[in-house]
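Colleague: I would like to learn how to read the contacts in a model such as this one. Please begin with charged side chains.

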Amino acid sequence: MLTSEKIKEFAYAQGADLVGIGNIERWEGAPEQMHPANIFPEAKSVIVIGCRIPRGCYRGIEEGTHFPSYPVFGYKKLNLYIRPLITYETALFIEETSGYEAVPVPPHPPESQPSGPPVAPGRAAPEVYPQFRIAAVACGLGEIGYSKVFLSPQFGPRQRLGMILTDAKLDPDPLFDGKICDRCKLCVASCPAGALLADQEITINVAGKEMTHADIHTGRCHLGHWGATAENSPFVKEAFPGMNMRMREQDMAWGAEAGRFVHALMPYIPFYQMVWKQVPGFLATCGARGCIRTCMDHLEREGRVQNSFNTGPFRRRKVWSLV
Ligand code: SF4
Ligand code: SF4
């Protein structure tokens, strides 16, 4: 008989670091375009699988001396190979051993919008994209931090998530009832793009668990990711030494404006072209300085995450800046 324990045992054996299970009722009231039941109306359970990002992926960017490790391993390797493979194998395991259906849901880009009309009356428009970080909360794996990033008690902000929907009725995990984020707001201060908006807080409720986070200006985050700030990309600095965008005044949207803008820079930046060829879609020059690196260092120093290292907290030297 298929049980929650058997699914977890299998997923952990495939290399998952976190596995949580939630019943579909926990999505009651979720927006139509994000509701898992609009992908699989018979779904009774949602399974979220987490894979840790190696802390060392951030070391080169933290030192400002080696930038590809994070986009290659922290993004591409986890997003396109390891995480989907574990999700896929676990979905196969459910179907092969139980006769229940299992829908593996792939990661999707931020700000994904419906594209096209509903295919029949009463259906949501394609594409329906459940929020992975919300699902991770609903499956008992952790909480949403002030940065809007999902935090687990094991790794803080340092994991990527996968999702499976199934019509098997599984025993759900309880919601996480601890507290990881202490609202230090260091993530806000450390974001090189000013993308975390502390003056625009949003409170969400996931299955009765209330959490407040800063809104994120996704266009600024996109610009920060690509190092369009004067302070955090030596590659942009070399190609455009006079560029000094006032990031906190930018109001570009994620894809339509910020995306076009940073792509227009690419032909002049050989390093970006090289990384883009290896990992299309995964340039991350800012190395998540505020929302992951600063946050994980803080959580490690405060003893608020379980995954610790012999050498102590992550940050060893003053954070560098080109301005
Ligand atoms: S840095 Fe981390 S712990 Fe501090 S407020 Fe931001 S999300 Fe919370
Ligand atoms: S990824 Fe970078 S730019 Fe975006 S919110 Fe995090 S620290 Fe800021």
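Modeller: A salt bridge is a side-chain nitrogen of Lys or Arg within 4 Å of a carboxyl oxygen of Asp or Glu. Side chains of opposite charge can pair when their charged atoms come close. Here the side chains of R315 and E62 form such a bridge, at 2.6 Å from N to O. R315 is in the segment after α10 and E62 is in helix α2, so the pair ties together parts that lie 253 residues apart in sequence. Helices (H or I, at least four residues) and strands (E, at least two) are DSSP runs, numbered from the N terminus.

Colleague: What should I know about the model and its numbering?

Modeller: The model is predicted: local features need pLDDT of at least 70, and side-chain atom pairs count only at pLDDT 80 or more, while totals for chains, interfaces and linings use all residues. Residues are numbered from 1 along each chain as its sequence is written, chains are lettered from A and ligands numbered from 1 in the order in which they are written, and side-chain values use heavy atoms, with hydrogens and water left out.

Colleague: How many salt bridges does the rule count?

Modeller: The count comes to 11. Two salt bridges are found across the interface of domain 1 and domain 2. E62 and R293 also meet in a salt bridge through their side chains, at 2.7 Å from N to O.

Colleague: Where are the bounds of domain 1 and domain 2?

Modeller: Domain bounds come from an automatic or database domain assignment. Domain 1 covers 4–112 + 123–166, and domain 2 covers 186–301. Contact between them (heavy atoms within 4.5 Å) takes 31 residues from domain 1 and 38 residues from domain 2.

Colleague: What area is buried between domain 1 and domain 2?

Modeller: The size of an interface is often given as the accessible area lost when the parts come together. With a 1.4 Å probe, and summed over both parts, the figure for domain 1 and domain 2 is about 3,000 Å², and carbon and sulfur atoms give 73% of that area.

Colleague: Which residues are around ligand 2?

Modeller: A residue is near a molecule if one of its heavy atoms lies within 4 Å of it. Around ligand 2 the list includes C191, C221, H225, C286 and C291. The elements giving two or more residues to this shell are α6 (218–225) and α10 (289–301). Of these, α10 gives the most, with three residues.

Conventions
Buried area is the accessible area (1.4 Å probe) that two parts lose on being put together, summed over both.
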